[in-house]
Amino acid sequence: MTTSIGITRAHTNIALIKYWGKENKELFIPMNSSLSLTLEAFYTDTKVELSDTLTEDEFYLNGAKQDEAAIAKITRFLDLFRTETGDTRRARVESLNFVPTAAGLASSASAFAALAGAMNEATGLNMPAQKLSTYARRGSGSATRSLFGGFVEWNKGDSNENSMAIPVDDANFDIGMIIIVVSAAEKKISSRAGMELTVSTSPFYEGWVTSAATDLADIKEAIKDRDIHRIGSIAEFNGMKMHATMLASNPPFCYFEPESIVAQQTIRTIREERGIPAYFTMDAGPNVKVICKASDIPAILEELGKVFPSEKLIPTLPGEGIRTLTEDEWNA
Ligand code: ADP
Ligand code: DP6
Ligand code: CO
C-alpha cells in the first residue's frame, strides 16, 4: 500500500474590495479584481491522505462524515490535481474549521486554501503559492486570496493561469479587525447562488463592476500610505455597493439582519462621536466586520460591549499565509 500525506493550515480573509460575480463559472474567473486582509483568528486545518486502498474519496468535517453532495464537491476539486499529476489515488480528507461554517465568515476561503495546500504536499507537486492560488480559486473564489498573509489582491485575469493572488502588503502596521457575530448560523443563500442571481438580474451590476476597479486602485494607494481612514472608508463604500446590487436583484435579497444595522450604526457613532477611525464591511451573511487600528481595539471593544455581549465580539490581527503542519501539530 502506498500512502501520501499533506497537512495544511490556511487562514480566512475578509475582502475590503469584494469579489461578487463570475465571468466564467467553470474556471471561477471573477468579474472584478478584489483585495482582502487575511485574519489571524480564523482558520482551517486540513489533512489529505492519498491511498491506493481507498476506492472513493472520503470527507470528514469537524469529525463528522459528510454526505455525498459534500464529497462530490471535494472530488471535483481533487480531480484538478489528479488531472495534473496522473496520480488517481483516492483521498481521505479530514478538515477542522476554526471558523463557523457557511456563516459569512469566509469558511470557504480558508477551506479551499487549506485543501489546495494539503494536496500540493500530498501529491508532491510543491507548486509555489501564487500558482497554487489558481487551484484554490477553483474550489472557492475567495480562497485564491488565502494563500498569502496580510493584504492580498486577487487579480481577475482572463485565463486559468493568470487569475491569481498577488501579495500587496504584509499589513505589518497598526491595523486589525473586530468581528461582530450577529449570527453564526448557516446562511440560506450561499455566496455562489447569491452572486449568480445578482449578475443575471441586478440592473446595478454594471455600476458595481466599474466602481470596484476605481475602489481597488484607491485602496492600494491608501494601503501604501498606511492611511486607516482611507482604507476604512473605501472598504465601507465598496461593501455597501455590493449589498446594494443584491437589493436590486430579482427577486431581491439581503444578508442584513436587524442586529447588523445596529452594529453599523454603532460603528458610525464610535467614529463620529469618539473620533476613533472605525469602519465596517459585510459579506454574504449578517455578521459585521470592523476595520480599525489594532491599537484602538480595546477602546472600540469597550464601546461595542455596551451594545453587544462580549462573546459576540472577536478581535483579530492580520494573519499569515498557508503553512504546512506536522503530524504532531495536527494531533495536538
Ligand atoms: P462562507 O461565508 O463560510 O465562505 P460559503 O457559502 O461561501 O460560506 O461556503 C460554505 C461552503 O464551503 C460549505 O457549504 C462547504 O461546501 C464549504 N466548506 C466550508 N468549510 C469547508 C472545509 N473545511 N472543507 C471543505 N469545504 C468546506
Ligand atoms: C461576499 O468565494 O464564497 O465574501 O467562489 O462561489 O465559492 P464562490 O464564492 P465565495 O464568495 C465570497 C463573496 C464575498 C466577497 C469576497 O470574499 O470577496
Ligand atoms: Co465563501
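Trainee: What should I know before I start?

Mentor: Residues are numbered from 1 along each chain as its sequence is written, and side-chain values use heavy atoms, with hydrogens and water left out. The model is predicted, and local features need pLDDT of at least 70, while side-chain atom pairs count only at pLDDT 80 or more.

Trainee: How many disulfides does the structure hold?

Mentor: A disulfide is a covalent bond between the sulfur atoms of two cysteines. Here the cut-off is a pair of cysteine sulfur atoms within 2.5 Å, and the structure holds 0 disulfides.

Trainee: Is Cys292 buried or exposed?

Mentor: Buried means under 20% relative accessible area, exposed over 50%, and partly exposed in between (1.4 Å probe, protein chains only). Cys292 counts as buried because its relative accessibility is 0%. Cys254, at 44%, is partly exposed.

Trainee: How many salt bridges are there?

Mentor: Look for a side-chain nitrogen of Lys or Arg within 4 Å of a carboxyl oxygen of Asp or Glu. The structure holds 21. One of them pairs Arg271 with Glu236 at 2.8 Å, N to O. That pair links distant parts of the chain, with Arg271 in helix H7 (residues 258-274) and Glu236 in helix H6, 35 residues apart. Helices here are DSSP runs (H or I, at least four residues), numbered from the N terminus. Arg271 and Glu236 are both buried.

Trainee: Which residues does Leu247 touch?

Mentor: Contact means heavy atoms within 4.5 Å. Leaving out residues up to four places away in sequence, Leu247 touches Pro252, Phe253 and Cys254. Leu247 lies in helix H6 (residues 228-247) and is exposed at 53% relative accessibility.

Methods:
Chains lettered and ligands numbered in written order. Helix = DSSP H or I, 4+ residues; strand = E, 2+ residues; numbered from the N terminus.
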